[in-house]
Amino acid sequence: MPVSELLLNLVFYIVAAAALGGGIAVATSKNIVRSAFALLTVLFSVAALYALMRADFIVAAQILIYVGGILVLIIFAIMLTHKITDVKLSNESSPGPVSVTACAVLFALIIAAFVYGYSWNTEPRVVRGSDFGKAGYGELSMYQGGGKTRLTPAGTILDGFVRLKLKLRSQAATTARAQFGLVKLKKTGEWEDLPAEKPVRFSVENGSYAAWTERERLEEGKYRWRVRLVDEDGTETPWAEFSAVKGTVDFASEKGLTRAIGRAFMGPYLLAFEVVSVLLLAALVGAAFLARKEVRE
Amino acid sequence: MGLLIADVSLWDFFHWDRVMASPWWFALLSAFIVCAIIVNFIAVYAGVNTLLERKIAAHMQARVGPYQVGPHGSLQWLADALKLMVKEDVIPTDTDKLLFRLAPYVVFGGSFAAWVALPYTIGWSPAIMNVGILYILAVSSAVVIGILMAGWSSGSKWALFGAMRSAAQIVSYEVPVGIALLGMLLIYGTLDMQEISAAQEKGAPFGFWPEWYGGMFSWGVFRFPPFTIFAFLIYYTAGLAETNRTPFDIPEAESELVAGYHTEYSGMRFSFFFLAEYANMFVVAAIATTFFLGGWLPPFGHILGTTFLMSPFLEGLFWFMMKSFALVILMMWLRWTLPRYRVDQLMDLCWKRLTPLAFLTLFAIGAGVYNSWLGLILGSVVGLAALALIGKEVISAPPPEGLPPVRAPVAAK
């Protein structure tokens, strides 16, 4: 029995159902305190969905901020409000025709985008090596090594870990395996083929099929990478070359997600991060101002 | 068996490649086994601790304590557990039935979830994850929600007051806890509980000799004295407040609130709150052990060199449990020593004493990590000042009431 895809799908559906059910309970419950507590289900289910996507830092942040902070604040606000249980909630009133139409149109649009924007193959299709040119695209993701990793138009200069990854766009099963290779620049214009890696299997990742290999501690230098598919019967496709600039640099590597997020916040996104902090500060000042005014009256 | 547990951990259950590599029943089974072991351990540990607490209380008050069931009353906890299980489950009429029933499980679930990420022994936790401490702090917040749920759904003013006090207290004390741990994270540079434990194997105060195997002097608490010692005291104090135990037990203050948020609970549901309290105590002690007292490392020598239990796995488990239980027993000792704080004193301690002190340690540890000599200078200045202050307090303190002032013996004539 190779994979427990069934099990993971089952977990996903249970968690998704819990998130939706919690959301419905939040929206329809006539008791506002129960609505607030139903939010707990929603927040934890969404955290579980993040866990299924292997975004562990986001899981912790989601629970820490939303459950530990915001939900507690909401419940406090509700409990401290005078006679909150006597308030008639608006969800008892019947919705008008305009809002019903608007919601229906929006919902239909979202569903249409899902159905037509993505290829849903009900029958698993076997991808042969010859389909590779149409079905796949390469993706280069890098562990942030010593902080010196950078990309240049001619290739990439590496001093840390590198992960080469190939994703198949279609949601099709494949019996082929992917073989990765690196090409190193020796002199200007002269490239040397490094020995190719062992072919690796594809596995499911976020709904598409992906194969990857990891290399540690490459010598510093300029590299290009390439990939080909190897079928079961041994036929090989020609090498497809990826120059590093075409691949996307993906910070979400397994070992260093937290570190990568920290580096991104303190590096390229520092200004955006600080601007958001100023926004929160403004909200805080506004809240304090409103609260003070109420006390004076 | 050991291989089964060590090879597949809970977090792997959510890791695509590991689950892909193992059959689905194996993944389910391993998760189930690990959870079952932990839940049963919590139950037994909490039971034994209730007995221990009563015995410690008794002996501190010159009593005997439970003495009837078993030799020296040592089986009293089994009798208590049996009583709690067969007791009638009373649900008052004026309650929100659904939330009332749900609340104990939310509280216990929050405590239990933290247990799976603790670094029990060298290289093994049920779930090794690289956001370990963040995860533990995060799931513990479910406890607050559960307490609010219990207090509100009980439909009783005592329970509601207790819940509000408890939630306010836990949320407030999370601030010094977070900042004190943040300072230590600067030293270790990782959130992974296993890596944090392993990082205390070698190193010297102020980071002068990073390759020195110093036994207990390489532990986190001695990394940047006195700031790491401050951080330890801040964490332990605030952790004590987060578990709602004396001297911070105003949420359950018997003299004011009957029993706080679990006033209306009885039988098994009540015992869930009880289990959660003891489980939380252990989590606080275990985090303190991991961050400040070297986790599973022995106090003297190298864990792989001196294996008196014949296996690094067992020896790591032994030291981790010994240190954690010592801190748990210290909590009981404090409970029967100190009187309860008032609400305003409690908030004063949190926001005006612990939080600024925690910021000071964070700043000083940051300076020390940046430059060892800077850390040494700061540490000496602040350490000497602290010693001088403590010395002055001790010398000028009035003798405690009820005791006669010390005077030279009068020679008999």
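This is a predicted model: local features need pLDDT of at least 70, side-chain atom pairs count only at pLDDT 80 or more; totals for chains, interfaces and linings use all residues.

Trainee: What pLDDT does chain A average?

Mentor: pLDDT is the predictor's confidence in each residue, from 0 to 100. Chain A averages 69. In chain A, 56% of the residues score at least 70.

Trainee: Where in chain A does pLDDT stay under 50?

Mentor: One such stretch is residues 121-160 of chain A. Another is residues 243-255 of chain A. Contact means that the C-beta atoms of two residues, placed from the backbone, lie within 7 Å. The model has 105 contacts beyond four places in sequence for residues 121-160 of chain A, and 30 for residues 243-255 of chain A.

Trainee: How many helices and strands does chain A have?

Mentor: Both are DSSP runs, numbered from the N terminus: helices are H or I with at least four residues, strands are E with at least two. Chain A has 7 helices and 10 strands. Of the contacts in chain A between residues at least 6 apart in sequence, 64% join residues at least 24 apart.

Trainee: Now chain B. At what angle do helix 6 and helix 7 of chain B cross?

Mentor: Axes are lines fitted to C-alpha atoms, for helices over the stretch in contact, and angles run from 0 to 180 degrees between N-to-C directions. Helix 6 (residues 97-115) and helix 7 (residues 132-153) of chain B cross at roughly 160°. Their axes come within 7 Å. That makes the two helices of chain B roughly antiparallel. The classes are: under 35 degrees roughly parallel, over 145 roughly antiparallel, 65 to 115 roughly perpendicular, and the rest oblique.

Trainee: Is the crossing of helix 6 and helix 7 of chain B left-handed or right-handed?

Mentor: A crossing is left-handed if the near helix is turned anticlockwise from the far one by less than a right angle, and right-handed if clockwise. The crossing of helix 6 and helix 7 of chain B is left-handed. Its contact residues divide into 16 nonpolar, 6 polar and no charged. Nonpolar here covers Ala, Val, Leu, Ile, Met, Phe, Trp, Tyr, Cys and Pro; charged covers Asp, Glu, Lys and Arg; the others, Gly among them, are polar.

Trainee: How does helix 6 of chain B pack with helix 12 of chain B?

Mentor: Helix 6 and helix 12 (residues 267-292) of chain B pack at about 25°, with axes 9 Å apart. These two helices of chain B are therefore roughly parallel. Their crossing is left-handed too. The contact includes Phe108(B) and Trp115(B) of helix 6, with Phe272(B) and Arg269(B) among the residues of helix 12. By class it has 13 nonpolar, 2 polar and 1 charged residues.

Trainee: And what about helix 8 and helix 10 of chain B?

Mentor: Helix 8 (residues 157-188) and helix 10 (residues 227-242) of chain B pack at about 155°, with axes 9 Å apart. They are therefore roughly antiparallel. Helix 8 of chain B passes helix 10 of chain B in a left-handed crossing. Among the residues in the contact are Tyr173(B) of helix 8 and Tyr235(B) of helix 10.

Trainee: Is Asn244(B) buried or exposed?

Mentor: Count other C-beta atoms, placed from the backbone, within 10 Å of the residue's own: 20 or more is buried, 12 or fewer exposed, in between partly exposed. Asn244(B) is buried, because the count is 24. Phe206(B) is buried with 21. Ile38(B), with 19, is partly exposed.

Terms used: Residues are numbered from 1 along each chain as its sequence is written. Chains are lettered from A and ligands numbered from 1 in the order in which they are written.
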